[in-house]
Amino acid sequence: MDILRVQNVASQVKEAIPDMFVRSETEQPGITTVQGTTLEVPIIDFSNPNEEKILKEIVEASCEWGMFQIVNHKIPSELIRKFQVVGKEFFELPQEEKEKCAKDPNSQALEGYGTRLQKELDGKKGWVDHLFHKLGPPSDINYRFWPTHSNYREVTTEYAKHLHGVVDELFKALSLGLGLEGHELREAVHGDNLVHLLKINYYPPCPYPDLVLGVPAHSDMSFFTLLVPNEIQGLQASKDDQWYNVKYVPNAIVVHIGDQMEVISNGKYKPVWHRTTVSKNETRMSWPVFIEPQPEQEVGVHPKMVNQDNPPKFKAKKFKDYAYCKLNKIPQ
């Protein structure tokens with residue numbers, strides 16, 4: 001039996017697209033997107049010498065938006081470009097080469113090349129193929145899921161190293177924003193042991209982009225996610241129960257606050273509800289890195305976020321159990 005890959009479907013579709021990709025009218029982006037307005041989520045300049053201002057902007061954006069974009073983050077733009085080039089090259093390889101990195105069909109693990117990610121309501125599928133693999137910690141890396149073409153490994157490893165500085169800055173700011181010491185939040189989440197999980201999304205052109213979604217509406221399971229997209233519009237966020245296109249900012253890192261950060265902050269920081277649309281004529285890609293707990297790690301409300309007036313709003317739960325419920329649409 002041939003495994004369904006959206007890239008192959010897209011290359012064969014001339015007119016009608018398979019019904020499994022067509023969303024209901026309540027989800028179709030052509031109907032549900034606010035037209036003519038681009039959502040200008042907060043842009044935070046990490047080169048600003050006023051550290052207090054950066055801190056305030058990160059905390060406000062995390063409370064009110066659940067997302068923001070970082071510019072001047074010290075990751076060289078040329079490295080981001082190379083990182084995107086080697087990721088794109090993977091999806092341009094012959095199909096049999098890509099399948100060498102395929103997920104194990106008998107495993108619940110996310111790592112590997114594939115198409116299906118979560119239980120799909122009404123049997124609908126996203127117009128996307130993806131590649132997942134871990135960037136760290138070093139003991140968790142499984143190179144079986146890393147492409148071997150050109151200098152993929154070298155470039156991706158270099159990008160992962162640069163990302164650590166941004167991750168540490170964010171944990172420090174978010175910690176201070178909770179009234180904790182700068183180091184406390186990172187220590188509470190076992191920062192040295194956090195999983196850095198890369199996902200490369202490949203959204204091929206679609207003849208009817210108004211009817212499909214690349215990825216349906218969701219919040220990320222992570223503490224937070226650091227994403228670089230290519231220049232093709234596609235990221236949408238929900239604001240005041242309306243869907244808007246998010247403005248593309250070249251060389252910016254898009255930050256999504258995730259579910260685990262909402263839990264540990266006792267609801268102060270809000271995860272962003274977002275989704276992805278696709279293009280009629282061009283391939284969209286994105287490279288999110290999810291900053292997550294280890295599967296066996298239990299995440300609950302930070303003890304200093306709880307007092308008589310503020311009881312815990314969330315139950316502590318092992319991350320693997322949280323993820324299982326979320327991916328299988330089981331209430332937490």
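I'm working on a predicted model, where local features need pLDDT of at least 70, side-chain atom pairs count only at pLDDT 80 or more, and totals for chains, interfaces and linings use all residues. Residue numbers run from 1 along each chain as its sequence is written, and side-chain values use heavy atoms, with hydrogens and water left out.

**α3 on α6.** I took helices (H or I, at least four residues) and strands (E, at least two) as DSSP runs, numbered from the N terminus. Helix α3 (residues 51–64) packs on helix α6 (residues 152–177) at about 75°, axes 9 Å apart. Because 65 to 115 degrees counts as roughly perpendicular, with under 35 roughly parallel, over 145 roughly antiparallel and the rest oblique, α3 is roughly perpendicular to α6. Axes here are lines fitted to C-alpha atoms, for helices over the stretch in contact, and angles run from 0 to 180 degrees between N-to-C directions. For contact (heavy atoms within 4.5 Å), I found Leu55, Ile58, Val59 and Ser62 of α3 against Leu170, Ala173, Leu174, Leu176 and Gly177 of α6. By class that's seven nonpolar, two polar and no charged residues. The classes: Ala, Val, Leu, Ile, Met, Phe, Trp, Tyr, Cys and Pro are nonpolar, Asp, Glu, Lys and Arg charged, and the others, Gly among them, polar.

**α4 on α6.** Helix α4 (residues 77–91) packs on α6 at about 135°, axes 9 Å apart, which makes α4 oblique to α6. On the α4 side I listed Leu79, Ile80, Lys82, Phe83, Val86 and Gly87; they meet Tyr152, Val155, Thr156, Glu158, Tyr159 and His162 of α6. This contact divides into seven nonpolar, three polar and two charged residues.

**Cysteines.** How many disulfides does the rule give? I got zero, taking a disulfide as a pair of cysteine sulfur atoms within 2.5 Å. I also looked up accessibility (buried under 20% relative accessible area, exposed over 50%, partly exposed in between; 1.4 Å probe, protein chains only). Cysteine 206 is buried at 0%, and cysteine 325 is buried at 12%.

**Backbone.** Most residues other than glycine have a negative phi, and most peptide bonds are trans, so I went looking for exceptions. Glycine 136 and proline 137 are joined by a cis peptide bond, omega about 0°; proline 137 is in the loop between β5 (129–136) and α6. Asparagine 72 has a positive phi near 55° and sits in the loop between β3 (67–71) and α4. Lysine 74 lies in the loop between β3 and α4, with a positive phi of about 75°. Are these two buried or exposed? Asparagine 72 is partly exposed at 45%, while lysine 74 is exposed at 74%.
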